[in-house]
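This report describes the surface, secondary structure and side-chain contacts of one protein. Please view the sequence and the model together while reading.

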Amino acid sequence: GGRSKLAGSEMSSGSSNDVNYWRAKAEEYKQCLEEEREEFKDFQMNSKELETELETQLELLETKNAELQVKLERMSIDAETHNEKHDSSAAKLNRQITSLQDELTTLKADKLKQQQYVRRLEQVNDDLERSKRTALASVEDIENRLNQVIEENALLENELYEKQELDVCVQRLKDEVRDLNQELTHRTLPPTSPENMD
């Protein structure tokens, strides 16, 4: 009876140890669970904060992305406008260059025409100079010949005057000779009588 009582007390003692052990284990697990739960809460809180922070960063990034998109579009429009202006300026510049080249070609042609005209004028001027020299020489020659003719004419006039004077003188002498002959005839012929006429 005593053995069974002892065994019973040992058994009860063993059972009591087991219960305490498992109770301790349960308490340990409970504490671990609490710690895990606390850690999970912390994790959840941290996750929430992290999520909020990430959402905030994402919103900031989306806002920045939207701003960059607007800026990109604006820059694209500016670039397109700049390209259009550049193309317009380039086209305008090309038109100006073409116009200037045409003007230069026209000016070169005009210059060539003027040079040819100047050469023709110089040729005409040279011809006129030669003609003038020839004319002057001819005038000088004609003047010399005219002076010579005038001199000869003066001599002829003198000779003619002398001849006229000589003619007058000869005529006067002829008249005198005739008068003398008549007078002589009158003097030498006998007077006529009626008898002689018969």
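## Surface and contacts

The protein exposes about 18700 Å², of which carbon and sulfur atoms supply 56%. The model is a predicted one. Of its 198 residues, 1% count as buried. Its secondary structure consists of two helices and zero strands. Helix H1 covers residues 2–188.

A nonpolar patch lies on the surface, formed by Ile142, Leu146 and Ile150, and together these residues have about 290 Å² of accessible area. Leucine 146 belongs to helix H1. The relative accessible area of leucine 146 is 47%, so this residue is partly exposed, a class that runs between 20% and 50%.

**Salt bridges.** The structure holds six salt bridges.

| aspartate 127 | arginine 130 | 2.3 Å |

Aspartate 127 is partly exposed at 31% relative accessible area, and arginine 130 is partly exposed at 41%. Glutamate 183 is partly exposed at 38% relative accessibility, whereas arginine 187 counts as exposed at 66%.

**Aromatic pair.** How many aromatic pairs does a search of the whole structure find? The search finds one. The ring centres of tyrosine 21 and tryptophan 22 lie 4.9 Å apart and the ring planes meet at 75 degrees; the pair is therefore edge-to-face, since this class requires an angle over 60 degrees. Tyrosine 21 is partly exposed, with a relative accessible area of 44%. Tryptophan 22 has a relative accessible area of 55% and is exposed, because the cut-off for that class is over 50%.

**Cysteines.** The structure holds zero disulfides. Cysteine 32 counts as partly exposed at 34% relative accessibility. Cysteine 169 is also partly exposed, with a relative accessible area of 27%.

Key:
Residues numbered from 1 in each chain as written. Predicted model: local features only at pLDDT ≥ 70, side-chain atom pairs only at ≥ 80, totals over all residues. Heavy atoms only, no water. Phe/Tyr/Trp six-rings, centres within 6.5 Å; stacked < 30°, edge-to-face > 60°. Buried < 20%, exposed > 50% of the residue type's maximum accessible area, 1.4 Å probe, protein only. Disulfide = S-S within 2.5 Å. Helix = DSSP H or I, 4+ residues; strand = E, 2+ residues; numbered from the N terminus. Areas by Shrake-Rupley, 256 points an atom, 1.4 Å probe, with all protein chains shown as cover. Patch = residues over 30% accessible without salt bridge, like charges linked within 9 Å, V, L, I, M, F, W, Y side chains within 5 Å. Salt bridge = Lys/Arg side-chain N within 4 Å of Asp/Glu carboxyl O.
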